[in-house]
Amino acid sequence: QVQVVESGGGLVQAGGSLRLSCAASGSIARVGTMGWYRQTPTKQRELVATIDYQGATDYGPSVEGRFAISRDKVKRMVYLEMNNLKPEDSAVYYCKQDLYSNAWMHRDYWGQGTQVTVIS
């Protein structure tokens with residue numbers, strides 16, 4: 001059974017840093033695009049950052065320059081380094097991985113989410 005699990009959330013003061021990790025496990029042939037999204041009770045889930053198989057990255061406008069996404073294809077892990085955190089970054093952060101069960105069949109898998117709370 002394929003699973004995607006996030007870790008690394010927590011409580012941090014404004015201006016601080018956190019690093020999120022996300023690991024995929026199970027019967028996986030390879031990993032495609034990996035990404036982070038976030039959601040609050042009052043906002044729709046929004047893109048934070050993505051990284052594709054070649055390593056090309058994309059960031060949401062509110063985190064550009066403060067957050068950095070990276071991946072380890074061998075370990076099937078994706079990371080999100082968050083710096084200069086602001087209270088408005090508080091949200092549940094979700095990992096999404098595009099996982100291949102063979103050479104051509106793939107689908108998105110979501111983690112259960114990890115809470116990030118930034119206090120001023």
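A salt bridge is a side-chain nitrogen of Lys or Arg within 4 Å of a carboxyl oxygen of Asp or Glu. The structure in the viewer is a predicted model, and by this rule the count comes to five salt bridges. Side chains of opposite charge can pair when their charged atoms come close.

Begin by selecting K96 and D108. These residues form a salt bridge, with the closest N and O atoms 3.6 Å apart. K96 belongs to strand β9 and D108 to strand β10 (residues 106-110), so the bridge links distant parts of the chain, 12 residues apart. K96 is buried, at a relative accessible area of 19%, whereas D108 is partly exposed at 36%.

Next, select E81 and R19. The closest N and O atoms of this salt bridge are 3.7 Å apart. Because E81 lies in strand β8 (residues 77-82) and R19 in strand β3 (residues 18-25), the pair ties together parts that are 62 residues apart in sequence. Both residues are partly exposed: E81 has a relative accessible area of 30%, and R19 has one of 45%.

Now turn to D89 and R38. Their salt bridge has its closest N and O atoms 2.9 Å apart. D89 lies in the loop between β8 and β9 (91-100) and R38 in strand β4 (residues 30-40), so this pair ties together parts that are 51 residues apart in sequence. D89 counts as buried, at 0% relative accessibility, and R38 is buried at 5%.

Conventions: Residues numbered from 1 in each chain as written. Predicted model: local features only at pLDDT ≥ 70, side-chain atom pairs only at ≥ 80, totals over all residues. Heavy atoms only, no water. Helix = DSSP H or I, 4+ residues; strand = E, 2+ residues; numbered from the N terminus. Buried < 20%, exposed > 50% of the residue type's maximum accessible area, 1.4 Å probe, protein only.
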